[in-house]
Every structure is written in C-alpha cells, then in structure tokens.
Amino acid sequence: MLLRLIVLLIFVSPVVLATLWFSDNAGTVQVEWLGWHVDTNVPVLLGVILTVFLVLSGLSRLSALVADLPAKLGKSRQLRGREKGMAALLAALDAADKGEVGDGRRLGAEAARLLDSPGLAARLDRLLPRPPAPPPVAPPARPDVAKKGRLFARKPSAPVPVIEKAPPSAKAAPAVERPTPAPAPVAPAVPHQADVAAFAAKVRSGEWDAALALVGDAVPAGRLSPAMAARWRAVVFEGQALRECADDPTRPLRLAHEAMAADPGFLPAALHILRLEASAGRRTEAEAALASIWRHFPARLLLDACAPLWRDEDGDDRLKRLEALAEIAPLHPDGHLAAGEAAVAVQKWGVARRHLMAALKIEADALGCRLMAEIEEREPGGSARAAEVWRRRERDAPPMPAWVCGDCGATSGEWSACCPACAGVATIAWARPVKAAEPPPPVSEPAPPPASEAAPSSAEAAATPANLQPISAVPVS
C-alpha cells in the first residue's frame, strides 16, 4: 500500500506543480480563425486541448468496439453452437449406452452438424449401433374351415397357376435356337508369309486400294494383328503420298494425315506433314503436328523439319521451346539433346549440363558426348582432361540414328515403302544401325621349320597315325 502511495505521489507531483505554476503565471492567449476572435488564458487552453483529446480517444475506442462487434458476435455464436454440439454428443453417447439406438443416432447427427465435422459424423455412424431391422411380416393365414376338430384342419393349398390360352387364330411360334457366337480368332504375332508376299507385291506395283483391301480381309480372319494392320495401312497411305503428287498438290498432305490417323506413331507420315507445312509457311499447323507426334515418337529429325520456321527465333526463345518439348517426353534422350544443344549455343552451361547428362543417362549418344566435351573446353574453369574423356566416349558411342531396313540392315537417306537394297516392304524404320564389329588384330604366324624337320621320313610317316601331327625331335643333353 505504501509503495502504491509513493508511486501516486511521484506521478501527481509534477501535475500539481505545473498547475500551481500556470495559476501564478496565467498569461493570455488570442486565437483568430475565420473571423472568430477568442481571448483566453493558458490553463483554459490546456483544459480544452485535454478535453478534445479525451473525446477523440473515446470516439476511437467506440469505433474499434463497433468494428469488432460482428466478429465477437460470430465468435459468441460459434461458441454457443460448439457448446450445443458437445451437449448433443454427450446426449448421443448416453442414449447409446442406455440402448436407445434411434435417439443416439439422431443426436449424433445433430452433434456432427453443430460441430461442423463430417469426420465425426462418419465415425459416429460406425460406432453407434444400428436399430434392429423390423421382423418380416408374415402373410395373413387363410381361414380354413375345420371338418372334424383341429386334427382334420385343411392344409393350405398351393396357388394354382393361371394359364392364359392363346386365341384360336394364333399359332404357336416355333422355338428359335440362338447359335452360340464363335470365339474371335486370335491374330498371330508374326503375319503369314503369304499375306506378307501379297501385300509387298501390291505395294511394289502401286495397287494401293488392293493393298488396303488385303489388310481389311486379313484382320477379321485373324491372320493379322490390329497393330500390324495399322502400320500396313499407314505404309500404304504414306507410300501413295510420296509417289502420287503430280496431279493434285494437296493430295500428299491429305494422304499423310490419313497415315497419321491410321497409326499415330508413324514417323515418316509426321515428317512428311511437317515438311509440307513448313514449306508452305504454316507455322501454327506445323507446331500442332509436332506436339502431337512428339508424344508418340520424339525424334530430333522432326525438329530439323521445323527448323525453317524457327530461323528468325531468338536463342533463349528456342531454348524455352525445346525445354517444353523435353518435358513432354522426359524419358527419351532426343528432347534433352536438343535442349542441351540450344543451351550450349546461348552459353548457359548449367542448363546444358543438366539436359545432356539426363540424355546420356538414358542412352549413350555421340552428339551428347561431343557437346559435353565442348562445354568442358569453352566453360570457364573447365577441365581439358574431362574433355578428352568425353571425346573418347564419343568415338565409342553407337552410330547416329538413320533409316534402317529391318531385314537386310541397309541404311537409306530417306524413308520409302520398299527397301532399295532388298525390296522389302514396310521394313524401313528410324533406328540406330548395328555397329560393325572391329576385325581382330592379325596373328603372327610362326616361322616355318627347317627343311630337315619340315618333311618327315617315309618310315616316320608310315608310323605316324593320320589324325596326329608329327612331333619334332627335342635334343636331350
């Protein structure tokens, strides 16, 4: 108590001293504002200022209370709802404990609604027992008349089925036996040689309609799988597009689109479409076709076909475009290789390393090794030893992809329906050629023996069996 009194005196003393000083030195204050003239003294002015401050402080606190009123009301309502929900939950548990299943489930649903908890509703539905199902209502028994007491009561008779008779004019329709559908024939993994030979003959002679008819007959008969049939149809359309282009300039594009519709992963048709769209300057159509085929067969050959459209494009924009294509097919190396090459062109070494290492982890490639060696040589702080390692890996890498015939292994500069080397049909695909094995180093032959040891005597030759070689004499010391 004494401490509080001392603190009060400490805070009140300056106020009392200031009041006494201003009462002895009141002074005068004149205020002129907008034609108003006020004469007063300093204590009155200080009192007015204090009053205005107190009024403004009160108004500020009142506005804060009014602003917080909706939140407080909502919080109070939420607390009341929570209290009601907890009370309903306790009542539901008590009802379930007493065996009042219906009231317990009703109160549990109300508690979940008040507490705004769907998880609680589901848990209560599992925990609370369900009301027993009402027993099945037995049909009313027929009032049977007893003949002689209860022992001779009539047993309930079975209901007699009512048979509707057909009119005399109607005739009974004979029962139709539906045949069991025969199982569909299973197509072999490898087509028959007769179908392959017939299809190849029709394609070589340019009988496109007959080749399509052959495919259409072989699929229902089970001689050709749907995947192989789609590839053969695409070969027919693309072969026709490449051969027949003199009379109608727009026909090759339509046939190439039909080939893509037959087999969405057919690379020659997609490449043909991109070249035609790029030569016509239709950039939007070419980019749409590129995005469509890139999901099925991402190959850098497609980017080379679209290169005339992107000739005036900035290096950074080209890098962004190629990075977007690499994200479409992240498990294929060609997208990462193209993005890495574009990053090297704009000297973004970190981005280039990331894409090139991702491509080389998927598959060894000579271009990726060459670009990594170039990064080590051009990047500040690169290693000449690491560049030499990448150059050695480039020499040991597999060959670059090309149009390779699957039958004879010959490579071609362009795709064609028939192989120029072996005349095989639908055998050329974009793949890596088989790298020829290096011949073994020549083995030096031993020097021929002296003339005295080269030819054995007639006695030795007669004594030596035909399947054994003569042993040369060894000097004994």
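Q: What share of the contacts with a separation of 6 or more comes from residues 24 or more positions apart?
A: In this predicted model, 52% of those contacts are between residues 24 or more positions apart.

Q: And what is the protein built from, in terms of helices and strands?
A: There are 18 helices and five strands.

Q: How many residues is that, and what part of them is buried?
A: The protein has 477 residues, and 26% of them are buried.

Q: What about the accessible surface, how much is there?
A: About 33,700 Å², with 62% of that belonging to carbon and sulfur atoms.

Q: Let's pick a helix. Is α13 mostly covered or mostly open?
A: Mostly covered: 11 of the 13 residues in α13 are buried.

Q: Which ones are they?
A: The buried residues of α13 are Pro-333, Asp-334, Gly-335, His-336, Leu-337, Ala-338, Ala-339, Gly-340, Ala-342, Ala-343 and Val-344.

Q: What do they pack against?
A: Five helices: α10 (283-294), α11 (300-306), α12 (315-328), α14 (349-362) and α15 (366-378).

Q: How does the span of α13 compare with what it should be?
A: It agrees. Helix α13 covers residues 333-345, and at 1.5 Å a residue those 13 residues should span 18 Å, while the end C-alpha atoms are 18 Å apart.

Q: What comes just after α13?
A: Gln-347 does something to look out for there: its phi is positive, about 60 degrees. Most residues other than glycine have a negative phi.

Q: OK, another helix. Which residues of α8 are buried?
A: Pro-252, Leu-253, Leu-255, Ala-256, Ala-259 and Met-260.

Q: Are those on the same side of α8 or on opposite sides?
A: The same side, because they cover an arc of only 165 degrees around the axis.

Q: What's packed against them?
A: The buried residues of α8 pack against α7 (226-243), α9 (267-280) and α10.

Q: What about the span of α8?
A: Residues 251-262 make up α8, and those 12 residues should span 16 Å at 1.5 Å a residue. The end C-alpha atoms are 17 Å apart, which agrees.

Q: Switching to strands. What is the order in the open sheet of three strands?
A: The order is β4-β3-β5, and the pairing is antiparallel. The edge strands are β4 (411-412) and β5 (428-431), each of which pairs on one side only.

Q: How many bridges join β3 to β4?
A: Two, and the strands run antiparallel; β3 is residues 402-405. If you want to see where they line up, Val-404 stands opposite Thr-411 in β4.

Q: What sits between β3 and β4?
A: Five residues, and the two strands form a hairpin. In the turn, Gly-409 has a positive phi of about 80 degrees.

Q: And how many bridges are there for β3 and β5?
A: Four, again in the antiparallel sense. Ala-402 has Ala-431 in β5 as its bridge partner.

Q: New topic: how many aromatic pairs are there in the whole structure?
A: A search finds three. One of them is Phe-266 with Trp-415, edge-to-face, at 5.6 Å centre to centre and 90 degrees between the planes.

Q: Where do Phe-266 and Trp-415 lie?
A: Phe-266 is in the loop between α8 and α9, and Trp-415 is in the loop between β4 and β5, so the pair ties together parts that are 149 residues apart in sequence. Both residues are buried.

Q: Why is the pair of Trp-403 and Trp-430 called edge-to-face?
A: Because the planes are at 65 degrees, and over 60 counts as edge-to-face. The ring centres are 5.2 Å apart.

Q: Which strands hold those two?
A: Trp-403 lies in β3 and Trp-430 in β5, so this pair ties together parts 27 residues apart in sequence.

Q: Is Trp-403 buried or exposed?
A: Buried, with a relative accessible area of 3%.

Q: Back to that loop between β4 and β5. What is the phi of Ala-423, which is in there?
A: Near 60 degrees, a positive value in a residue that isn't glycine. Ala-426 is also in the loop between β4 and β5, and its phi is positive at about 60 degrees.

Methods:
Residues are numbered from 1 along each chain as its sequence is written. This is a predicted model: local features need pLDDT of at least 70, side-chain atom pairs count only at pLDDT 80 or more; totals for chains, interfaces and linings use all residues. Side-chain values use heavy atoms; hydrogens and water are left out. Buried means under 20% relative accessible area, exposed over 50%, partly exposed in between (1.4 Å probe, protein chains only). Contact means heavy atoms within 4.5 Å. Accessible areas come from the Shrake-Rupley method with a 1.4 Å probe; for residues, only the protein chains shown count as cover. The expected span of a helix is 1.5 Å times one less than its number of residues. Two strands pair if DSSP finds at least two bridges between them. The arc is that of the directions from the helix axis to the C-beta atoms. Rings of Phe, Tyr and Trp (its six-membered ring) pair if their centres lie within 6.5 Å; planes under 30 degrees apart count as stacked, over 60 as edge-to-face and the rest as tilted.
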